[in-house]
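Please walk through this fold with the sequence and the coordinates side by side. The text below takes up loops, helices and a surface patch in turn.

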Amino acid sequence: MVLALDEHLGPPVDSYVNGSQTWLVGDEPNDLNVTGDTAMILEFRLHPVSGYRPPAGCSHYDLWETVVTQLSLGAGAPELRLGNEARPLNGLWDGLEAFPAYGDEIEPARLAAVVTAALAIAPDQTGLVDHEAIGDAWERANGKVSIVGLLIEQLTSRAG
């Protein structure tokens, strides 16, 4: 997933201290044609693992490029050298979410098709979620809960 994001979307537009990596796609003529005639910006957000802490000696601004460089050079995902420590790839990010960036709306099936076309990888889950409730739960737990787990929980409970 990391190399697919880098290949198709390039470096993130923002990297957060909490470990999140964010891409905004759709505002340029050569970007994704999300809805046909109507411009829409999609946000792709790579969520950190529950309880994420930055690797010692590695700035959140350098984390993405350090990981991509090592994976591109053949480093194994189980042990990446990040600053002063080694960390497995699955100890950094939990999963990717894509959604309309500025409150726009798009049908989940259409969004899934656009994401699949953008990354050449189909999403595991699709549907509508309550981002405010997820953000509140993450803040109450001081980041010690999986955002991706909360997303999947909502999607699963709404589907059933």
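Y102 sits in the loop that connects β6 (93-100) to α3 (108-119); helices here are DSSP runs of H or I with at least four residues, strands are runs of E with at least two, and both are numbered from the N terminus. The model is a predicted one, in which local features need pLDDT of at least 70 and side-chain atom pairs count only at pLDDT 80 or more, while totals for chains, interfaces and linings use all residues. Residues are numbered from 1 along each chain as its sequence is written, and side-chain values use heavy atoms, with hydrogens and water left out.

With a relative accessible area of 57%, Y102 is exposed. The classes are buried (under 20% relative accessible area), exposed (over 50%) and partly exposed (in between), computed with a 1.4 Å probe and protein chains only. Together with V13 and L24, Y102 forms a nonpolar surface patch of about 310 Å² accessible area. Areas come from the Shrake-Rupley method with a 1.4 Å probe, and for residues only the protein chains shown count as cover. Patch members have over 30% relative accessible area and no salt bridge; like charges are joined within 9 Å, and nonpolar side chains (Val, Leu, Ile, Met, Phe, Trp, Tyr) within 5 Å. A salt bridge is a side-chain nitrogen of Lys or Arg within 4 Å of a carboxyl oxygen of Asp or Glu.

Next come the helices. In α1 (2-9), the buried residues are V2, A4, L5 and L9. They lie on the same side of α1, because they cover an arc of only 165° around the axis; the arc is that of the directions from the helix axis to the C-beta atoms. Their cover includes β2, β3, α2, β6 and α3. G10 follows α1 and has a positive phi, near 80°.

Helix α2 (residues 60-72) has 13 residues, which at 1.5 Å a residue should span 18 Å; its end C-alpha atoms are 19 Å apart, in agreement. The expected span is 1.5 Å times one less than the number of residues. Which residues of α2 are buried? They are H60, L63, W64, V67, V68, Q70 and L71. These residues cover an arc of only 165° around the axis, so they are on the same side of α2. An α-helix has 3.6 residues a turn, so residues three or four places apart point the same way. Among the elements that cover the buried residues of α2 are α1, β1 (14-15), β2 (21-25), β3 (42-48), β4 (80-82) and β6.

S20, in the loop between β1 and β2, is buried at a relative accessible area of 3%. Neighbours within four places in sequence aside, S20 is in contact with D14, S15, R45, L46 and P48. A56 belongs to the loop between β3 and α2 and is partly exposed, at 37%. Not counting residues up to four places away in sequence, A56 touches L82, G83, N84 and E85. The C-alpha atoms of A56 and P108 are separated by 38 Å, the two residues being 52 residues apart along the chain.

Finally, backbone angles. Most residues other than glycine have a negative phi. A120, in the loop between α3 and α4 (131-140), has a positive phi near 60° and is exposed at 61% relative accessibility. N142, in the loop between α4 and α5 (147-159), has a positive phi near 55° and is exposed, with a relative accessible area of 63%.

Note on methods:
Contact means heavy atoms within 4.5 Å.
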